[in-house]
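Have a look at the structure first, and then we can go through them together.

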Amino acid sequence: MNLCDFAPEYIRSIQPYQPGKPISELARELGLDETTVIKLASNENPLGTSPFALEAMINALHQIALYPDGSGYELKAALSKRYDVDPDQIILGNGSNDVLDLAARVFLKPGAAAIYSQHAFAVYPLVVQMIGANGIAVPARDYGHDLPAMLDAITPETRIVFIASPNNPTGTLSTEEELYCFMERVSRDVLVVMDEAYYEYLPEANKPDSIKWLKQFPNLLITRTFSKVYGLAGARIGFGLAHPDVANLMNRVRQPFNVSSIGLIGALAGLHDAEFVQRSYALNRAGMLQLTDGFRRAGIEYIPSYGNFISFRVKGDAANTPKVYQSLLRQGVIVRPLGIYEMPHHLRVTVGLESQNKRFLESLAHAFEELA
Ligand SMILES: *Cc1c(COP(=O)(O)O)cnc(C)c1O
C-alpha cells in the first residue's frame, strides 16, 4: 500500500475532465502561430467580454491585495433586483460548476443517488462521483432529456436530479411545459437542479419562467453563469437560486472566499450591459444559421441547438471522427470531440464570429476531402 491507495476507490476511479484544448497548447504542439488559431471548443463568447465589465475589472485590479467581499453583497443585491428573489435565495459560485458541486456536497453521501441524462453535461457525474454517491444516467431520447423516464428512475435513495436546458453538448431544450410538469410530479424530497447556463441565448418564446417556480417548489435550484453570454469564463463566476433553506446549507459548505473580487466586479458590471448581451445573442443567432446552412449544403447531419454551439455528425464509422478532429487541429481550428459523452460520431463546435464560422466550414470541407 502507498498513500494514494488509501484514497477512496470512488476518487481513484474518477476520469479527469477534458477541457477544450487551449490555443497556446495547440500552437506549441504543431508549431502554429497562436494568432492564426481559432478556438471554437469551449462555448466562450466570440465577442469577448462586455466593455463595461472589462473596464470595471481593470480598475478593480488596484484592490487585488484585499480579500473579496465573501458575502457578495453588491452582486447579490443586483441579482435580487434583477430576478425578483431575496438575497438569501442566492448562492454565488466560482463558476456555476462550483454551485453544482455545492449541491452535491450538501445533498449527497455514499449510498445516495443522483440522476442525469445520457449525453448531459460532464460535470454532473463528476461532482456525484467525488462524493462517492451513485450517478445514474437515464437514456436520452433524440439526444434530449427523457424527463418522464428520469422521473421513473427516481428511488428512495435519489437526492438530486440534474436537468440541463439547453443541454451541453447536444443543445437540446426541454420545454417550459415539460419542465413544469416534471416539477409538479417530482417528490419534494429530491432536489431538482435546473442548469440554465445558456438561458440568455434562448429566444424569448423559449425561455421558461423557471425563477417564478421557486415560490412554488422549495426543492428547485436554478443555476446560471456569467461564463457564456457575459463573456466572463476566465473570471469564474456563476450563481444558484433556491429556497432560502437550501441556499443557506449551500452557503455554509462553500469556501468563505469562493468567488474572486474580479469576478464579483465583472459580473456586476456585465449584468447591467444589456447592449452587450443583446449583441451576443444576435451574433449567435446569425452564426447558428450560418453553420446550419453550411452543414445542410455539405450534407452533414447536426443536432438542432438552442445554445451557442452545435454538435454535428461525422459520416462513416467512429474512427473518422478523430481523423476529422485532428485535421481541423492541423488547420488551426479547435473543436470538441464528444467521445466522453457517448457520442463518438459527433464533434461540437462553438458558434464564432462570421469569419471564424466561415473558416471552420472551409476547414471542415477540407478535412472531409482528406478523409475521402
Ligand atoms: C458552460 C456550462 C456551465 C457553466 O460553467 P461555469 O462553471 O459557470 O463556467 C454550466 N452548465 C453547462 C451545461 C455548461 O455548458
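The largest cavity holds about 60 Å³ of space. This is a predicted model, in which local features need pLDDT of at least 70 and side-chain atom pairs count only at pLDDT 80 or more, while totals for chains, interfaces and linings use all residues. Residues are numbered from 1 along each chain as its sequence is written, and side-chain values use heavy atoms, with hydrogens and water left out.

A cavity here is a set of points, on a 1 Å grid over the protein atoms alone, where a 1.4 Å probe fits but cannot get out; lining residues have an atom within 4 Å of a point. Grid points are joined across faces, edges and corners, and the volume is the space filled by probe spheres set on the points. By this rule there are three cavities of 30 Å³ or more.

Which residues line the largest cavity? They are Glu44, Asn45, Pro46, Tyr201, Ser280, Leu283, Asn284, Asn308, Val351 and Gly352. By class, this lining has four nonpolar, five polar and one charged residue (Ala, Val, Leu, Ile, Met, Phe, Trp, Tyr, Cys and Pro count as nonpolar, Asp, Glu, Lys and Arg as charged, and the others, Gly among them, as polar).

The second largest cavity has about 40 Å³ of space. Its lining includes Pro68, Asp69, Leu92, Arg254 and Phe257, and divides into six nonpolar, three polar and two charged residues.

Now to the charged pairs. A salt bridge is a side-chain nitrogen of Lys or Arg within 4 Å of a carboxyl oxygen of Asp or Glu, and the model has twelve of them. Among them are these:

| Salt bridge | N to O distance |
|---|---|
| Lys21 and Glu25 | 3.0 Å |
| Lys21 and Glu29 | 2.9 Å |
| Glu196 and Arg224 | 2.8 Å |

Glu196 lies in the loop between strand 6 (191–195) and strand 7 (220–225) and Arg224 in strand 7, so this pair ties together parts that are 28 residues apart in sequence (strands are DSSP runs of E, at least two residues, numbered from the N terminus). Both Glu196 and Arg224 are buried, meaning under 20% relative accessible area, with exposed over 50% and partly exposed in between (1.4 Å probe, protein chains only).

Salt bridges that share partners join Lys21, Glu25 and Glu29 into one network.

Note on methods:
On a 1 Å grid over the protein atoms alone, a cavity is a set of points where a 1.4 Å probe fits but cannot get out, and a pocket is an open set with protein on both sides within 12 Å along at least five of seven lines; lining residues have an atom within 4 Å of a point. Helices (H or I, at least four residues) and strands (E, at least two) are DSSP runs, numbered from the N terminus.
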